[in-house]
Amino acid sequence: MTITHASFVTLPVSDQDRALRFYTDVLGLEVTADRDMPQGRWLQVAPEGAQTVFTLSGPGMGDFGPGSARGIMLVTTDVDADCARLAAAGIALQGPDDLPWGRMASFADPDGNGLMLLTEKEGF
C-alpha cells in the first residue's frame with residue numbers, strides 16, 4: 001500500500017451557506033474550494049495548512065444525510081480557550097474533560113454532525 005493521506009472528509013449539510021458561515025466564522029477554517037459542479041456546489045474548508053479538507057456536501061452531492069457524520073476530531077493547542085469561544089458563540093458543548101489521551105470536548109455543527117476538540121496529552 002502506498003497511501004499517503006486522506007484527501008477529504010464529507011460533512012453532509014442541509015444548507016451550504018449556513019455551514020460555510022459556521023466553519024469559517026465560528027471555527028476559523030479557510031475555504032479551499034468553492035465551485036459549481038453539474039451535481040451541485042463543491043465546497044471545501046480546512047484549517048490553515050491542513051492536508052485533509054472537509055467537503056460540505058449539500059443536496060445533490062451524494063447520498064448523504066445531513067448531520068450523519070460522527071467522530072470528527074479537531075486537534076487544538078488550547079481546548080479550554082476554544083471551548084470558551086464556542087460557548088460565547090452559542091454552541092452547546094460537552095466537556096472539556098481530561099482523558100488518558102488528552103483534554104477533549106464535543107459539540108455539533110448546525111446540522112448535527114458530531115465534532116470533537118482535543119488538546120493532545122504530551123507523550124501519548
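Because the model is predicted, local features are reported at pLDDT of at least 70 and side-chain atom pairs at pLDDT 80 or more, while totals for chains, interfaces and linings use all residues. Residues are numbered from 1 along each chain as its sequence is written, and side-chain values use heavy atoms, with hydrogens and water left out.

The UniProt record, an unreviewed entry, places the feature "domain: VOC" at residues 5-120. UniProt positions are given in the numbering used here, feature names are shortened, and annotations may be inferred rather than shown by experiment. Within the span 5-120, 18% is helix and 43% is strand, and the end C-alpha atoms lie 20 Å apart. Helices (H or I, at least four residues) and strands (E, at least two) are DSSP runs, numbered from the N terminus.

The largest pocket holds about 390 Å³ of space. On a 1 Å grid over the protein atoms alone, a pocket is an open set of points where a 1.4 Å probe fits, with protein on both sides within 12 Å along at least five of seven lines; lining residues have an atom within 4 Å of a point. Grid points are joined across faces, edges and corners, and the volume is the space filled by probe spheres set on the points. The lining of the largest pocket comprises 18 residues, and Leu-27, Leu-29, Pro-47, Leu-74 and Val-75 lie nearest the pocket centre. By class, the lining divides into 11 nonpolar, four polar and three charged residues. In this division, Ala, Val, Leu, Ile, Met, Phe, Trp, Tyr, Cys and Pro count as nonpolar, Asp, Glu, Lys and Arg as charged, and the others, Gly among them, as polar. Strand S5 and helix H2 (79-88) each supply at least two residues of this lining.

Val-75, one of the residues nearest the pocket centre, belongs to strand S5 (residues 72-75). Val-75 is exposed because its relative accessible area is 52%, where buried means under 20%, exposed over 50% and partly exposed in between (1.4 Å probe, protein chains only). Neighbours within four places in sequence aside, Val-75 is in contact (heavy atoms within 4.5 Å) with Leu-118 and Glu-120. Thr-119 is 44 residues from Val-75 along the chain, and the C-alpha atoms of the two are separated by 5.9 Å.

In the loop between S5 and H2 lies Asp-78, which counts as partly exposed because its relative accessibility is 37%. The C-alpha atoms of Asp-78 and Leu-117 are separated by 9.2 Å, although these residues are 39 apart along the chain. Ala-87 is placed in helix H2 and is partly exposed, at 45% relative accessibility. Between the C-alpha atoms of Ala-87 and Gln-39, 48 residues apart along the chain, the separation is 36 Å.

Two aromatic pairs are present in the structure. Rings of Phe, Tyr and Trp (its six-membered ring) pair if their centres lie within 6.5 Å; planes under 30 degrees apart count as stacked, over 60 as edge-to-face and the rest as tilted. Phe-8 and Trp-42 form an edge-to-face pair, at 5.4 Å centre to centre with 90° between the planes. This pair links distant parts of the chain, 34 residues apart, with Phe-8 in strand S1 (residues 8-12) and Trp-42 in strand S3 (residues 40-46). Phe-8 is partly exposed, at 37% relative accessible area, and Trp-42 is partly exposed, at 22%. The pair formed by Phe-22 and Tyr-23 is edge-to-face because the ring planes lie at 85°, with centres 5.0 Å apart. Both Phe-22 and Tyr-23 are buried.

Gln-16 is located in helix H1 (residues 16-26) and is buried, with a relative accessible area of 13%. Residues up to four places away in sequence not counted, Gln-16 touches Arg-41, Leu-43, Leu-56, Ser-57 and Gly-58. Pro-96 lies in strand S6 (residues 93-99), and the peptide bond from Gly-95 to Pro-96 is cis, with omega near 10°.
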